[in-house]
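Subject: Structure handover

Hello,

Here is the structure I promised to pass on. Please open it first, then read my notes below.

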Amino acid sequence: VNLAHIDELDRIEMPDGFVWRPVRRHFGIKAFGTNAYTPGASGQIVEEHTETTLGHEEIYLVLRGRVRFTVDGDERELGPGQLVYVRDPSLSRAGVALTDDAAVLAVGGKPGEPHEVSAWEYTFSASPHIRAGRFDEARRVLQEGLEEKPGSPPILYDLACVEALAGERERALALLNEAVAADERFRAYAETDEDLASIRDDPRFPR
Amino acid sequence: VSDGYEILTLSEVEAFPHREGTNLIPVRHTLGFRPAGVNAWKADAGGQVMPPHEEDSGNEELYVVVQGRASFTVGEETADAPAGTLVFVPPQVFRSATAEEDGTIVFVVGGSIGEAFNAGGWEAFSIADWYRQEGRIDEARAIMAQLIAEQPDYWAVHYNAGCFESLAGNPDSAFEHLRRAKELDTEGASAEYFREDSDLDPLRDDPRLEELLG
């Protein structure tokens, strides 16, 4: 039986202080978007955000512990077996764990469209490896992302950063130029990104 | 409650008896969630959590034990699943679960790979069917009408409305819905149901069914 307890899933510390537990990636689910979250040091369990860009409807189900959600400025305290369904993607939502054992399952997607895996699942998974200098691990995660989403500009860009940090100048430049060709926005990011410092003097660096 | 969001307590939602002794908490139907199939099942110790079944090709499902404890059978394997356990079942694999504790609740998320989620409204049909058995025909018919209004071009909702009227003893109305289902089902997905669905048994002797099948 392909099962996992929430506590057995990977723990990926996110910048906002919450811990992402990749559910979709763990099981290789392709049909829908789902993830779980547990609190980090800050107590945050669902980052404050809207879904305006992706147009997602989201459900946040408390699996364990107590969580104070703030949706559209309203505060609601929920326990196990309670959920909040945010229909309107433009509403701001956030969750703070009131107990250390809290766990939240999120399910979301854009109505009327097939589920598409988000690049952030891979870039965020790779990020702790990059910061810790575990370049092989970071490469493995990002390559997995490229297999799922061939040509994805944010994944190509992050892979370029890994290669630049690892001293692989040729690979880094090729990946970076591929990312910029696919999405112009990465030209501006590349200009100031510390991770790319080692290759910025190269004439092939996108400007 | 604002228009933009809604809070739901699974244990407080009215659960409906579904097939094989199961009890459905119709989450998606209650909320109107659209991106994926979401529902929950509740059972006491020894009870069937969800009906034993396989999903069609392409349909993935994730079961999450929210409260209590369940024993899952997937394929030929069995596993203990306390609260906080997630069980993934790929398409076309047999799955069943029984509750190991009273008040067990299992949440389920489902969808089809590469396809936009299409509710089809089986939960609503199950609720309508329960109302029909309870003699609450008007409430049942209102649910069917709402389903058709939501997805007027989807054959399955018309088909289900036909089944409902068949079981409710209104053959004229049943055939109206079934004809519409047949028209909309351009890929012939309904043929098997028309032939084998016991919901249509009250119509089997009616020449109009033969006409539709022909």
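Let me start with chain B. Residues 24 or more positions apart supply 63% of its contacts with a separation of 6 or more. Contact here means heavy atoms within 4.5 Å.

Some ground rules. This is a predicted model, in which local features need pLDDT of at least 70, side-chain atom pairs count only at pLDDT 80 or more, and totals for chains, interfaces and linings use all residues. Residues are numbered from 1 along each chain as its sequence is written, chains are lettered from A and ligands numbered from 1 in the order in which they are written, and side-chain values use heavy atoms, with hydrogens and water left out.

Chain B

Chain B has 7 helices and 11 strands. These are DSSP runs, numbered from the N terminus: helices are H or I with at least four residues, strands are E with at least two. The C-alpha trace spans about 50 × 45 × 35 Å along its principal axes. A compact globule of 214 residues would have a radius of gyration near 17 Å, and the 18 Å of chain B agrees with that. The radius is taken over C-alpha atoms, and the globule rule is 2.2 Å times the number of residues to the power 0.38.

Of the 214 residues, 52% count as buried. Buried means under 20% relative accessible area, exposed over 50%, and partly exposed in between, with a 1.4 Å probe and protein chains only. The accessible surface of chain B is about 9,600 Å², and carbon and sulfur atoms hold 44% of it. Such areas come from the Shrake-Rupley method with a 1.4 Å probe; for residues, only the protein chains shown count as cover.

Charges next. Chain B carries 15 positive and 40 negative side chains, and the centres of the two sets lie 4 Å apart. Lys and Arg count as positive, Asp and Glu as negative; His and the chain ends are not counted. A charge is placed at NZ of Lys, CZ of Arg, CG of Asp or CD of Glu.

Two loop residues deserve a look. Most residues other than glycine have a negative phi. Glu20(B) has a positive phi, near 55 degrees. Glu20(B) sits in the loop between β2 (16–17) and β3 (23–25). Gln92(B) also has a positive phi, about 60 degrees. Its loop runs between β9 (85–89) and β10 (95–99). Gln92(B) is exposed, because its relative accessible area is 53%.

Chain A

Chain A comes to 6 helices and 11 strands. Its C-alpha trace spans about 55 × 35 × 30 Å along the principal axes. Buried residues make up 55% of its 207 residues. The mean positions of its 24 positive and 38 negative charges are 1 Å apart.

Find Lys149(A) in the loop between α3 (135–148) and α4 (153–165). Is Lys149(A) buried or exposed? Lys149(A) counts as buried, because its relative accessibility is 16%. Leaving aside neighbours within four places in sequence, Lys149(A) is in contact with Glu116(A), Val117(A), Ser118(A) and Ala119(A).

Where the chains meet

In all, 45 residues of chain A are in contact with 42 residues of chain B. The area buried between them is about 3,600 Å², with 66% from carbon and sulfur atoms. On the chain A side, Val1(A), Phe32(A) and Leu83(A) lose the most area to chain B, together 17% of what that side buries. Buried area is the accessible area (1.4 Å probe) that two parts lose on being put together, summed over both.

Best wishes
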